[in-house]
Amino acid sequence: MSGKPESSGLDFAESSLFTMRFTIAALLICGVGFSLYGRLPAALFTLGTAAAAIGARLWARHALDGVSAALSADRACLFPGEVCPLRVTLDNPKVLPLVWLTVRFPLAPGGALTPERAWEVTEVEEGGVRRPWYEKHVSFLLWNQRLSYTSRLRAEHRGLLTLEGLRLLSGDGLCLCVRDKDIPLPRPLQLAVFPPSGAGVHPVVPPPQLGAGDRRAGSAGRPVGDPERPGLSAGRQRPVPELPPDGPGPGAHGERV
């Protein structure tokens, strides 16, 4: 069974009213009516306009067929203030050229990573909610051409950006009809922003200084061993004998019992 063609489901929401089906049908009816009543100039104008609208719609329908995109990053972990270069690669393997092309992908909620150039940020409404998106305009992706460019994202604060795909927009040369296409990435690209070094880390309090006759302790207050007998490790100290409650016994002064 053959797969579903790329041009079968299109979204012309961002196209002009000039290329809508109702407009094209109205122009054709007017052109035929003018020609029947001998209004040749008006008939040529309306029929020519309808032909331009049909051509723009067909161009937009197949503009993104076969076009592929890839996204890569030099690093995946950043700290606030650092910049991560993103490399976008576009490939148009067909004969039909792309006069213009727009690359988009959603940004992390809260603005953990933002484009270094302010004009590369736009708002896109999806499901009644407006979210910030990255947007880059590319001109003239010709036939059988591969193009690469680099954008830079700046880490603002702690957060995570996961990119699962890119959205491409293109159409006819006059921008009368626009088509978009979502291209999934082979594997999700994740960029993580960690808090600044030392943030949220509690200071280490050194142990109190013990006297010369006291037992030495480590940084956690645990015994580290007998300094005079290094063979005894911490936790294996020789036990100190306890005296009976009534005082020293007959063997306390070295007498044999």
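This is a predicted model: local features need pLDDT of at least 70, side-chain atom pairs count only at pLDDT 80 or more; totals for chains, interfaces and linings use all residues.
**Salt bridges, overall.** I started with the count, which comes to 12 salt bridges.

**Glu-135 and Arg-104.** I looked up this pair next and found its closest N and O atoms 2.8 Å apart. Glu-135 sits in strand β7 and Arg-104 in strand β4 (residues 98-106), so I have a link between distant parts of the chain, 31 residues apart.

**Around Glu-120.** Which residues does Glu-120 pair with? I found a salt bridge to Arg-117, with the closest N and O atoms 3.6 Å apart, and another to Lys-136 at 3.9 Å, N to O. Lys-136 belongs to strand β7, while Glu-120 lies in the loop between β5 (113-115) and β6 (121-126), so this pair ties together parts 16 residues apart in sequence. Is Glu-120 buried or exposed? I have Glu-120 as buried, because its relative accessibility is 1% and the cut-off for buried is under 20%.

**A network.** I also noted Glu-116, Arg-152 and Arg-154, which are linked by a network of salt bridges.

**Positive phi.** I then turned to the backbone. Phe-140, not a glycine, has a positive phi near 60°. I placed Phe-140 in strand β7 (residues 129-141), and its relative accessible area of 53% makes it exposed. Cys-175 also shows a positive phi near 60°. I found Cys-175 in the loop between β9 (159-171) and β10 (178-193), partly exposed at 44%.

Terms used:
Residues are numbered from 1 along each chain as its sequence is written. Side-chain values use heavy atoms; hydrogens and water are left out. Helices (H or I, at least four residues) and strands (E, at least two) are DSSP runs, numbered from the N terminus. Buried means under 20% relative accessible area, exposed over 50%, partly exposed in between (1.4 Å probe, protein chains only). A salt bridge is a side-chain nitrogen of Lys or Arg within 4 Å of a carboxyl oxygen of Asp or Glu.
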